[in-house]
Structure formats: structure tokens, C-alpha cells
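This report covers aromatic rings, charges over rings and nonpolar cores. The sequence and structure come first.

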Amino acid sequence: MAITSGRNFWCLCSSILLVATPPAAAETKLFESAQVTPASEYTFGIEGPAADLDGNLYVVNLGKAGTIGKLPAGGAASELFTTLPDGSVGNAIRFDRSGTMFIADYKKHNIFAIPKGATGPAVWFHSAEMNQPNDITIARDGTIYASDPNWKGREGHIWRIVRGADGTAQGQVMSAPRAMGTTNGIDLSPDGKTLYVGESSSGQIWSYTISGNALTAAKLVKAFQPDTIDGLRTDVAGRLYVARILKGTIALMKPNGAVEREIPLKAKEPTNLAFGGSDGKTVFVTQRQGGFIESFRTDQQGREHCLQRGRC
């Protein structure tokens with residue numbers, strides 16, 4: 001009897017332990033977007049996301065124009081990081097390999113720089129000949145490429161900005177083999193030899209070979225519907241992620257223009273995106289509709305994140 005009871009008791013306990021053991025945590029599904037921050041945190045001008053190596057995300061126009069918000073790593077609400085000088089409004093943010101933050105000020109034709117560990121912006125480059133600038137991307141050697149659209153004229157061009165021998169920034173319009181539309185989203189290929197440029201007016205994405213201050217070998221990568229593309233980014237595999245504003249998706253496509261998938265978002269007006277997180281595989285999207293940030297996981301880290309870590 002005692003032995004039988006003991007066996008029954010052991011069997012009962014084993015069953016309880018088996019039932020009580022929690023299942024293994026489910027892996028986060030790729031390409032499923034979720035809202036991260038509350039609605040209306042940012043203005044209609046929400047744009048320019050960029051992540052530092054600590055996992056913090058920075059986005060322009062928190063609460064009012066001319067500010068930069070910071071979403072702490074793992075956070076669910078943004079906080080004020082800094083305010084630009086009076087009259088300046090940011091549209092794009094990028095980090096270079098030293099951790100310096102660069103901000104495109106489309107109102108006052110500036111590019112500001114904020115060194116790592118600081119919060120105060122200083123003018124790094126200015127040109128009254130610029131229409132904006134709109135979006136920027138940074139090469140391995142620190143060269144900045146800036147899209148500069150003329151929205152009314154539905155045209156634009158690209159600036160190349162470098163640090164001169166005297167330490168000052170020097171920039172000029174790059175020559176190109178074709179007349180460009182309203183240049184908007186911009187990024188580099190992983191090897192830094194190709195520049196991708198989205199033209200909002202036509203909905204087209206073009207690639208160019210970089211040769212000093214010249215853009216050569218123009219190639220139409222993909223033609224979407226006019227006025228349906230905004231920011232774009234590349235990953236370490238060379239794929240492009242394109243914000244399909246008004247459609248509410250991120251188009252993930254190969255360098256030859258073949259679309260692998262359209263990633264559905266929580267709102268319909270994505271303006272731009274950035275790679276972040278500890279491994280550079282979290283994509284953060286700025287949503288004009290609703291004024292919030294959402295994010296999804298992908299299978300490759302972003303080119304810029306890899307570059308910041310000195311691995312690309």
C-alpha cells in the first residue's frame with residue numbers, strides 16, 4: 001500500500017511539474033510591425049530616425065517643430081533630446097563612425113553636428129544655394145551625400161559634402177547623367193560604391209556609381225506609383241527598404257529592383273526608417289499618420305549600424 005501510494009504520488013508530482021513548466025519563449029516573428037510609442041508624440045513632420053550604438057533612437061519634431069526626440073533603448077515613450085536654433089527644422093539624422101550625430105535642417109539650409117556625449121548642435125555645413133537639404137547618408141570615410149529637392153519645380157539634385165584640409169566642410173552639387181526629379185530618400189550600398197536615390201515626384205528609385213564628385217551609370221532600379229515613396233535604407237546584404245508613404249508598407253527589394261515583400265505597417269503614412277537595436281536588425285519606422293514610431297524585426301542588420309560598429 002505504501003509503495004503503491006508512493007508511486008501514485010510520484011506520478012502525480014511528475015504530471016504537475018510537467019504541466020507547470022512554462023513553454024519556451026516564442027521567437028519574435030520577422031516582418032511583423034508593432035506600434036512602439038504613443039500616438040501624437042510627434043508632429044506631422046515626424047522624420048529622420050537614426051539609432052546610436054547604445055540602442056537609443058532619435059527622431060525629429062517631438063511635440064513641436066525644431067526639436068529632436070529620443071526613444072531610450074527598450075523604451076515605450078520619447079523624451080526631449082535637444083532643440084535646434086530658432087527657425088531651424090530637422091528632416092534627417094545620421095551617425096558617423098565616431099558617433100557624431102548629423103542633422104539636416106531643411107529650413108535654414110544647414111547640416112548640424114552633435115559630437116558623441118553632447119546635446120548642443122553646431123553648424124557643420126551651410127549653403128544658401130541649397131533648397132533644403134532633405135535626407136542624408138554617410139560613407140565610411142565620413143563623406144556626406146544629401147538629397148536636395150525642389151518640390152515646387154518637381155526636380156532636385158545631390159550634394160557631396162566633405163571635410164577639407166583645413167577642417168571645414170566643403171560641399172557642391174554632384175554632376176549626373178540625367179535630370180533628377182524631387183530627390184528624397186537616399187542611401188549607399190554596403191561597399192559604398194553605389195548611391196541609391198528615391199525621387200518622390202516620379203516614384204522612381206535610381207542607382208548611380210560614385211566617381212568623385214560625379215554620379216555615373218544611372219540605372220532605374222524600380223518604378224513605383226508617383227508620390228508614393230519617401231525615405232529608404234539599405235542592409236548589409238545590399239537590399240533596399242523603401243517607405244511607401246500613402247500605401248502603409250515598407251517595400252523590401254533586391255538591388256535589381258525585385259520586390260521580396262511588402263511589409264504591412266500599423267498606419268498608412270511612413271516617412272522614413274532606420275535600423276537599430278542591439279544587433280541592428282530592428283527597423284524603426286516614423287509614421288506621419290498618428291505621429292508615432294513603430295518597429296519590426298528583420299533578418300539582416302542595417303548597413304549604417306554595421307558601419308558604426310566598424311565591421312563594414
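## Aromatic rings

Tyr 58, Phe 81 and Phe 95 make up one aromatic cluster. Rings of Phe, Tyr and Trp (its six-membered ring) pair if their centres lie within 6.5 Å; planes under 30 degrees apart are stacked, over 60 edge-to-face and the rest tilted. The structure has five aromatic pairs. The ring centres of Tyr 241 and Phe 275 are 5.0 Å apart and their planes stand at 90°, so this pair is edge-to-face.

Tyr 241 is buried, at a relative accessible area of 0%. Phe 275 also counts as buried, at 8% relative accessibility. Buried means under 20% relative accessible area, exposed over 50%, and partly exposed in between (1.4 Å probe, protein chains only).

## Basis of the model

This is a predicted model, in which local features need pLDDT of at least 70 and side-chain atom pairs count only at pLDDT 80 or more, while totals for chains, interfaces and linings use all residues. Residues are numbered from 1 along each chain as its sequence is written, and side-chain values use heavy atoms, with hydrogens and water left out.

## Charges over rings

A charge sits over a ring if NZ of Lys or CZ of Arg is within 6 Å of the ring centre and within 35 degrees of the ring normal. The charged end of Arg 178 sits over the ring of Trp 206, 3.7 Å from its centre. For Lys 222, the charged end sits over the ring of Phe 224, 5.7 Å from its centre.

## Nonpolar cores

A nonpolar core is a set of buried Ala, Val, Leu, Ile, Met, Phe, Trp, Tyr and Cys residues joined through side-chain atoms within 4.5 Å. The largest has 15 residues, and Trp 124 is one of those with the most contacts inside it. Apart from this core lies another, of 13 residues, including Trp 206 and Leu 195.
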